[in-house]
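Reader: I have a structure open and would like to go through a few parts of it. Can we start with the strands?
Author: Fine. Here it is.

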Amino acid sequence: MSTPHHYRIASIPADGIGIEVVSAAIEVVEKLSKVLGVFTIEFTHIPWGTEYYKQNGRYVSADVLDTLRGYDASLFGSVGAPDVPDHISLWGLLLAIRGPLQLYANVRPVRVFPGTTPYLRGAEAKDIDWLLVRENSEGEYAGHGGTSHIDQPWETATEVAIFTRVGIERIMRFAFEAAQRRPRKLLTVVTKSNSMRNGLVLWDKIAAEVSKDFPDVKWDKMLVDAMTIRMVTNPKSLDTIVGTNLHMDILSDLAAALAGSIGIAPSSNLDPTRKNPSLFEPVHGSAFDITGKGIANPIATFWSAAEMLDWLGEPGAAKYLITALENVCAAGITTPDLGGNSTTKGVTDAVIKEIEKLH
Ligand code: ATP
Ligand code: MG
């Protein structure tokens with residue numbers, strides 16, 4: 001028998017319900033490793049987050065990038081606290097990692113789990129099975145801009161969106177490849193190139209160029225406003241979707257809600273070149289309204305952990321975990337956001353039982 005692969009994971013639970021769902025995910029993945037016996041995994045706790053910020057004046061340690069490069073991947077919870085402005089916490093932690101590590105592809109699968117009710121009623125909504133690809137390194141969240149004339153009546157701020165050929169081309173290629181691997185081979189490119197006449201016209205141009213290398217992928221273009229309508233009224237017409245940092249940030253929350261709850265939505269922040277370790281996290285934030293109540297849905301983080309295992313080279317284990325999640329949802333063991341009356345612990349225990357049963 002060959003030696004099982006060993007993975008070293010940085011665990012960064014950070015704030016709010018992030019702490020609750022990451023510890024649940026570690027429990028589940030450790031169980032999966034034990035039951036399957038095909039890989040071993042070691043989580044190292046990294047204490048970055050708002051508490052760390054209050055003690056050290058910064059969200060992450062100075063050697064943040066070197067620290068993360070010592071691991072195969074990171075599993076992240078969520079950042080943000082009621083007493084720190086959101087832009088401080090977000091830039092302090094998550095955006096301090098995504099950009100410098102060039103985790104330029106943010107991938108968010110969206111589908112309806114058995115037993116959960118999509119927000120959209122009817123047969124079509126049940127067929128939601130999308131792969132959202134978000135450009136994760138530039139665009140509207142490039143952080144370029146500034147404020148002048150502070151506190152004057154003419155106070156002015158600029159927020160400059162940066163679009164580069166290199167940045168667009170690599171995410172476009174990633175999206176076409178992702179679409180090509182899926183059965184329907186269908187890609188929708190989202191822009192707003194009627195109003196944004198520079199950066200998003202470049203998106204359109206590069207989409208057309210890259211498409212030539214993928215003759216078997218059927219693709220179309222949508223303006224982001226019209227796209228919100230299409231997602232609600234004709235969800236079945238969509239499969240893989242690619243767009244800018246801001247547009248996909250918004251569309252992926254819409255997608256998650258349509259499919260049932262943001263509490264099940266996973267995301268991967270990938271460096272497709274594999275030079276740097278990728279980071280996996282639930283789409284949701286720290287949700288302080290439910291922190292400490294024990295009712296946070298851990299499925300988004302479990303699913304993110306499954307995406308992590310798949311990325312690390314354990315697709316069998318990932319599939320196993322997803323099947324366990326589906327079975328637990330189908331059995332009606334869900335948290336209140338999905339209409340159930342179970343708890344984080346209740347769902348976690350049920351997933352662990354499923355894992356034991358499956359093998
Ligand atoms: P951020 O500002 O980082 O987006 P947030 O704290 O504003 O985060 P979200 O996490 O985006 O809030 O979530 C919005 C609402 O959805 C929360 O207030 C919460 O009630 C609900 N929610 C989010 N995640 C979960 C979850 N895992 N389980 C149950 N409910 C959730
Ligand atoms: Mg939010």
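Reader: In which sense do strand E11 and E12 pair, and over how many bridges?
Author: This is a predicted model. In it, strand E11 (residues 266-270) and E12 pair in the antiparallel sense, over four bridges. Pro266 has Pro282 in E12 as its bridge partner.

Reader: And how does strand E3 pair with E12?
Author: Strand E3 (residues 73-78) pairs with E12 in the parallel sense, over three bridges. There, Leu279 in E12 is the bridge partner of Ser74.

Reader: How many residues of E12 are buried?
Author: Five of its five residues, which are 278-282. Both faces are covered. Ser278, Phe280 and Pro282 are buried on one side, and Leu279 and Glu281 on the other.

Reader: Back to E11. Is Ser268 buried or exposed, and why?
Author: Ser268 lies in strand E11. Ser268 counts as buried because it has 21 C-beta neighbours inside 10 Å, and the cut-off is 20 or more.

Reader: Which residues is Ser268 in contact with, leaving aside neighbours within four places in sequence?
Author: Val107, Ser278, Phe280, Glu307 and Trp311.

Reader: How far apart in space are Ser268 and Gln152?
Author: They are 42 Å apart, C-alpha to C-alpha, and 116 residues apart in sequence.

Reader: New topic. How many residues surround ligand 1?
Author: 17 residues, and the closest are Gly263, His284, Gly285, Asn297 and Asp337.

Reader: How does that shell divide into nonpolar, polar and charged?
Author: Six are nonpolar, eight polar and three charged.

How values were computed: Residues numbered from 1 in each chain as written. Chains lettered and ligands numbered in written order. Predicted model: local features only at pLDDT ≥ 70, side-chain atom pairs only at ≥ 80, totals over all residues. Near = placed C-beta within 6 Å. Nonpolar A, V, L, I, M, F, W, Y, C, P; charged D, E, K, R; others polar. Buried ≥ 20, exposed ≤ 12 C-beta atoms within 10 Å, placed from the backbone. Helix = DSSP H or I, 4+ residues; strand = E, 2+ residues; numbered from the N terminus. Pairing = 2+ DSSP bridges. Contact = placed C-beta atoms within 7 Å.
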